[in-house]
Amino acid sequence: SDSEFAYEYRHGVESFGAFTYVMAAVLRRDRNLSFNELVEKTRNTLLKDLDFSQNPSCIGPSSVLTKPIPG
């Protein structure tokens, strides 16, 4: 949410935005996701695997958010 910190994830000697890093990793594993599924999987990884208390969200028409991400 916009009131939360945007955490950095350190991978070796490089740092990345935690959300961006995890979202890209989720997309590399599974290209057949809706926008809602992508955000949910990203949120779960941030919270459960990396222990970051970031809660990403995706705002838009439900008719778009429930469809597969074009790619």
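Q: How many aromatic pairs does the count come to here?
A: Three. Rings of Phe, Tyr and Trp (its six-membered ring) pair if their centres lie within 6.5 Å; planes under 30 degrees apart count as stacked, over 60 as edge-to-face, and the rest as tilted.

Q: What kind of model is this, and how are residues numbered?
A: The model is predicted: local features need pLDDT of at least 70, side-chain atom pairs count only at pLDDT 80 or more, and totals for chains, interfaces and linings use all residues. Numbering starts from 1 along each chain as its sequence is written, and side-chain values use heavy atoms, with hydrogens and water left out.

Q: Back to the rings. Are tyrosine 7 and phenylalanine 52 stacked or tilted?
A: Stacked, because their planes are at 20°. The ring centres are 5.1 Å apart.

Q: Where do those two sit?
A: Tyrosine 7 is in the segment before E1. Phenylalanine 52 is in the loop between H2 and H3. Helices (H or I, at least four residues) and strands (E, at least two) are DSSP runs, numbered from the N terminus.

Q: Is phenylalanine 52 buried or exposed?
A: Buried, at a relative accessible area of 15%. Tyrosine 7 counts as partly exposed, at 27%. Buried means under 20% relative accessible area, exposed over 50%, partly exposed in between (1.4 Å probe, protein chains only).

Q: And how are the rings of tyrosine 9 and tyrosine 21 placed?
A: Their centres are 4.6 Å apart and their planes are at 35°, so that pair is tilted. Tyrosine 9 lies in strand E1 and tyrosine 21 in helix H1, so the pair ties together parts twelve residues apart in sequence. Tyrosine 21 is partly exposed, at 21%. Ring pairs also join Tyr9, Phe16 and Tyr21 into a cluster.

Q: New topic. Which way do E1 and E2 run?
A: Antiparallel. E1 covers residues 8-11 and E2 covers residues 14-17, with four bridges joining them. Strands pair if DSSP finds at least two bridges between them. Arginine 10 stands opposite serine 15 in E2.

Q: What sits between those strands?
A: Two residues. In this hairpin, glycine 12 takes a positive phi near 65°.

Q: Which residues form the largest nonpolar core?
A: Nine: Tyr9, Ala18, Val22, Val26, Leu33, Leu38, Leu46, Phe52 and Ile69. Helices H1 (18-29) and H2 (35-49) are the elements that give two or more residues. H1 gives the most, with three. Such a core is a set of buried Ala, Val, Leu, Ile, Met, Phe, Trp, Tyr and Cys residues joined through side-chain atoms within 4.5 Å.

Q: What does leucine 38 touch?
A: Beyond residues up to four places away in sequence, leucine 38 touches Met23, Val26, Leu27, Leu33 and Ile69. Contact means heavy atoms within 4.5 Å.

Q: Where is glutamine 54?
A: In the loop between H2 and helix H3 (62-65). Glutamine 54 is buried, at 10%. Leaving aside neighbours within four places, its contacts include Glu4, Tyr7, Phe19 and Arg43. A polar atom of its side chain lies 3.1 Å from the backbone nitrogen of tyrosine 7.

How values were computed. A polar contact is a pair of N or O atoms within 3.5 Å; within protein, one must be able to donate a hydrogen and the other to accept it, and residues adjacent in sequence count only if both atoms are side-chain atoms.
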